[in-house]
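Here is a friendly briefing to read alongside the model.

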Amino acid sequence: MTALRGQWPEVRDTCTSLGLMLAIVLSVALARVVLQRPRHRPTAHTFALEFLATFQLCFCTHELQLLSEQEPAHPTWPLTLIYFFSLVHGLTLVGTSCNPCGVMMQMLLGGMSPEIGAVRLLAQLVAALCSRYCVGALWGLGLTRYHVSERSFACRNPIHVDLPKAVVTEAVCSFIFHSALLHFQEVRTKLRIHLLAALITFLVYAGGSLTGAIFNPALALSLHFKCFDEAFLQFFIVYWLAPSLGKHIFI
């Protein structure tokens, strides 16, 4: 009983973070349902859907990163959460990309017009920054012991290798992920979502200790905006150019 009482604060904090992520998922799902009504401005509709999807991805990843840092020596639980929420995103964010590299790949392959691509890219960047500041405001409420607003505005450099290795890591992760996206298109939806979730979890496990294995420029901007401000060139090369390079190699 004493041991359970000692662990209760950690369990409560974890449940609070999970509750916040699920609340965001449900809110975005509700907003997407509302947006399915007849519309007369398809460009605005596309922007809104991509904004909501990217906001959900970035917000949840902020919380997942926070949870993963509590027990870095025991990665099983964080990896389980990454797999679970990758499934959730795959099921709830159908029709959106949430990744500038994915949008650029579709444009290069002729599956998306430049105008729509530009709208999606703008929505992703705006959502990435909005999610960051929303997370900072929410953490400022102190709902858990780990929710500290100053933490979201500090640079916590995730790059633990030299620049060439960091570039290779992000490029390879991007290459593998986008290759899988194209090759899994013929797989039925339910199985494809599980395969992609498992792949994302594996990539995070393999490259997380090196660069965080983000392979998404919008997500990297949201998670490490302060680092971009302090060491822009390094982070631009690793988190923007490298994933784009990996995607272009495949194409």
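Helix α2 (residues 42-68) and helix α5 (residues 114-139) have axes that come within 7 Å and cross at roughly 40°. This is a predicted model, in which local features need pLDDT of at least 70, side-chain atom pairs count only at pLDDT 80 or more, and totals for chains, interfaces and linings use all residues. Residues are numbered from 1 along each chain as its sequence is written, and side-chain values use heavy atoms, with hydrogens and water left out.

- Two packed helices are described by the angle between their axes and the distance between the axes.
- Axes here are lines fitted to C-alpha atoms, for helices over the stretch in contact, and angles run from 0 to 180 degrees between N-to-C directions.
- Helices (H or I, at least four residues) and strands (E, at least two) are DSSP runs, numbered from the N terminus.
- α2 and α5 are therefore oblique to each other; angles under 35 degrees count as roughly parallel, over 145 as roughly antiparallel, 65 to 115 as roughly perpendicular and the rest as oblique.
- The crossing of α2 past α5 is right-handed, a label used if the near helix is turned clockwise from the far one by less than a right angle, with anticlockwise giving left-handed.
- Sorted by class, the α2 contact with α5 has 18 nonpolar, six polar and four charged residues.
- In that sorting, Ala, Val, Leu, Ile, Met, Phe, Trp, Tyr, Cys and Pro count as nonpolar, Asp, Glu, Lys and Arg as charged, and the others, Gly among them, as polar.

**Cysteines**

- The structure holds one disulfide, meaning a pair of cysteine sulfur atoms within 2.5 Å.
- That disulfide is formed by cysteine 155 and cysteine 227, whose sulfur atoms are 2.1 Å apart.
- The link of cysteine 155 and cysteine 227 is right-handed, with 110° about the S-S bond.
- Cysteine 155 lies in the loop between α6 (149-152) and α7 (163-183) and cysteine 227 in helix α10 (residues 225-230), so the pair ties together parts that are 72 residues apart in sequence.
- Cysteine 155 is partly exposed at 27% relative accessibility, whereas cysteine 227 is buried at 1%; buried means under 20% relative accessible area, exposed over 50%, and partly exposed in between (1.4 Å probe, protein chains only).
- Cysteine 101 has its closest cysteine sulfur in cysteine 173, 12 Å from its own and too far for a bond.
- Cysteine 101 is buried, at 0% relative accessibility.
- Cysteine 173 is in no disulfide, and it is buried too, at 6% relative accessibility.

**The loop between α8 and α9**

- Most residues other than glycine have a negative phi, and most peptide bonds are trans.
- Alanine 213 has a positive phi of about 50° although it is not a glycine; this residue sits in the loop between α8 (189-207) and α9 (217-223) and is buried, with a relative accessible area of 5%.
- Phenylalanine 215 lies in the loop between α8 and α9, and its phi is near 40°, a positive value in a residue other than glycine.
- Phenylalanine 215 counts as buried, at 5% relative accessibility.
- Glycine 212, in the loop between α8 and α9, is partly exposed at 26% relative accessible area.
- Between the C-alpha atoms of glycine 212 and asparagine 157 there are 9.5 Å, while the two residues are 55 residues apart along the chain.
- Glycine 208 is found in the loop between α8 and α9 as well, and it is partly exposed at 27% relative accessibility.

**Aromatic rings**

- The count comes to eleven aromatic pairs, where rings of Phe, Tyr and Trp (its six-membered ring) pair if their centres lie within 6.5 Å, and planes under 30 degrees apart count as stacked, over 60 as edge-to-face and the rest as tilted.
- Phenylalanine 232 and tryptophan 240 form an edge-to-face pair, at 6.1 Å centre to centre and 85° between the planes.
- Phenylalanine 232 is partly exposed at 45% relative accessible area, and tryptophan 240 is partly exposed at 22%.
- Phe228, Phe232, Phe235, Phe236, Tyr239 and Trp240 make up one aromatic cluster.
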